[in-house]
Amino acid sequence: MRSLSAIGILRQLTRGYWGVKSQLYEVTMPFGILRTLVAGILFLSIYAFVGTTASFAQCPVLNVMVKGQVQGCPRGGVVRVQLVYSKHSRDENGESAEIRLEGESFRIRIPFLTQSRAPMLGLGSFKCDLRPKTVVVTLLADDREYDRVSLDWAKDFKMADPTAYDLRSELVLHGTP
């Protein structure tokens, strides 16, 4: 089976409609123009999708490592970590993860994509500078919130290696008094 380029597909879709000289000119040409427009829109849509999808491969996925201790761990305790990308909007929440506590210590790794802007139609430069503004760590048990800590990305995290960020100091959450 022969593979066709996008131009080859457009040529096949519009074959026979360029320079038609007949009495059917009035009927055939508008249909040909419509068919060409539909093919062009389809081509641009596919190109935009492929360009945007391919752009995800251009930016790295980094990891956030949050580790700490729970003092007075409640029975059935869960630690939830939520990345927040905007200081002013609760709608800008990003990736999250949670872990059920099996002791007093916890360790949670959350991967996140650093792409902040995709190029238009797959053309142009990629922006790979997206980082969370804050990281919210919550201690929960039995639908009750025991402790919540908001960590500032710039102040509380450091780059541990080229693919990961760690807390500068270990986090302590407080459960039952």
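Predicted model: local features only at pLDDT ≥ 70, side-chain atom pairs only at ≥ 80, totals over all residues.
Burial here is defined as a relative accessible area under 20%. Because 8 of the 8 residues of β5 (residues 134-141) are buried, the strand is largely enclosed by the rest of the structure.

Strand β5 has pairing partners in β2 and β6. With β2 (residues 78-84), β5 pairs in the antiparallel sense over 7 bridges, and V84 stands opposite T134 of β5. The pairing of β5 with β6 (residues 144-152) is likewise antiparallel and extends over 8 bridges; within it, A141 has R144 of β6 as its bridge partner. The hairpin formed by β5 and β6 has 2 residues between the strands, and D142 in this hairpin adopts a positive phi near 50 degrees.

Residues of β5 also take part in the largest nonpolar core. This core comprises 24 residues, of which V66, V79, V135, V137, L171 and L173 touch the most other members. At least two residues of the core are supplied by each of β1 (61-71), β2, β4 (105-113), β5, β6, β8 (164-167) and β9 (171-174). The surroundings of V137 illustrate these contacts. When residues up to four places away in sequence are not counted, V137 touches V66, V79, R80, V81, D147, R148, V149, L151, L171 and L173.

Terms used. Residues numbered from 1 in each chain as written. Heavy atoms only, no water. Buried < 20%, exposed > 50% of the residue type's maximum accessible area, 1.4 Å probe, protein only. Helix = DSSP H or I, 4+ residues; strand = E, 2+ residues; numbered from the N terminus. Pairing = 2+ DSSP bridges. Core = buried A, V, L, I, M, F, W, Y, C linked by side-chain atoms within 4.5 Å. Contact = heavy atoms within 4.5 Å.
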